[in-house]
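Try each task before you read its solution.

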Amino acid sequence: MTSRMTHEAVVSHFHANQFFGLSAKDVFFFEQGLAPALSRDDGRILLQAPHEMVRLPNGSGGLVRALFETSTFDRMVDRGLDYIHVLGSENVLGRALDPIFVGFARDLELHCAAKSVERQDVHEDAEVVVLKRIPSASKYADQDECNSILLAHEAPEFLLRKREVKSRSKRLCPASANTFVFQLAWLEGLKDRTLRFRGVPRNLPHVDPESVKPSMAPSGGAGEDQLPPLVVADGLGEMGRRA
């Protein structure tokens, strides 16, 4: 998955390197959507030109929408795939199609799975995996428990410092490794589901609408689609809901 800003460069890089030994017919590219960037203080839409909005890739949750808005999902189904492995490009140590991780998800027949890693520092800039209670869909329970992923700036200080009680080493709450396995049938169930947006703070160059001069004031960031709550076990994990 690429973005409008990176698509041409990524495709050219694959062609220049003979698709890294893969068959060209087995590699296909699709673009994720874009979302507008808003100012942090008052939620104004930021402009990159007097009549043009600043727009950025719409986050990891944009994967779901992009799969269905392009022919990518249908092509996967036509090839007989049951699961896909998603690996964030910033995870340089991540192993594409990790056989242990993918096999873990398939063996347990999980709808989705996520890897987590141990955080080394309280203020490490990493997404934090936390336990979240949500209203239960079952008549036998009032609440379900699932793990959710918070950006570091979203987590309160006490949570960043919280250590696992069951861990002998009293390690910090785990961080997301930004690598996931999804069952295609489960993803299809999200096709018509509205995913909520969340703001991701960034410093973005933009045009001041009053003076029409370049500015670098902080923004609230692009609204990013967010995937449903994740249930992540210790080390490897399962995502979804449990009663």
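**Exercise 1.** Not counting residues up to four places away in sequence, which residues does Ser-176 touch?

*Solution.* Keep in mind that this model is predicted.
- Step 1: Find Ser-176 in strand E9, residues 175-183.
- Step 2: Leave out residues up to four places away in sequence; Ser-176 then touches Lys-115, Glu-127, Val-129 and Ile-149.
- Step 3: Check burial. The relative accessible area of Ser-176 is 12%. Buried means under 20%, so Ser-176 is buried.
- Step 4: Look at the side chain. One of its polar atoms lies 3.0 Å from the backbone nitrogen of Asn-178.

**Exercise 2.** Classify Val-86: is this residue buried, partly exposed or exposed?

*Solution.* 
- Step 1: Locate Val-86 in strand E5, which covers residues 83-87.
- Step 2: Take the relative accessibility of Val-86, 22%.
- Step 3: List the contacts of Val-86 beyond four places in sequence: Leu-63, Asn-178, Thr-179, Phe-180 and Phe-182.
- Step 4: Ala-114 is 28 residues from Val-86 along the chain, and their C-alpha atoms are 9.5 Å apart.

**Exercise 3.** Where does Ala-155 sit, and is Ala-155 buried or exposed?

*Solution.* 
- Step 1: Go to the loop between strand E8 (143-150) and helix H5 (157-161); Ala-155 is there.
- Step 2: Apply the 20% cut-off. Ala-155 has 8% relative accessibility, so Ala-155 counts as buried.
- Step 3: Set aside residues up to four places away in sequence. Ala-155 touches Leu-150 and Leu-160.
- Step 4: Compare sequence and space. Val-129 is 26 residues from Ala-155 in sequence, with 9.8 Å from C-alpha to C-alpha.

How values were computed
Residues numbered from 1 in each chain as written. Predicted model: local features only at pLDDT ≥ 70, side-chain atom pairs only at ≥ 80, totals over all residues. Heavy atoms only, no water. Helix = DSSP H or I, 4+ residues; strand = E, 2+ residues; numbered from the N terminus. Buried < 20%, exposed > 50% of the residue type's maximum accessible area, 1.4 Å probe, protein only. Polar contact = N/O pair within 3.5 Å; in protein donor to acceptor, adjacent residues only side chain to side chain. Contact = heavy atoms within 4.5 Å.
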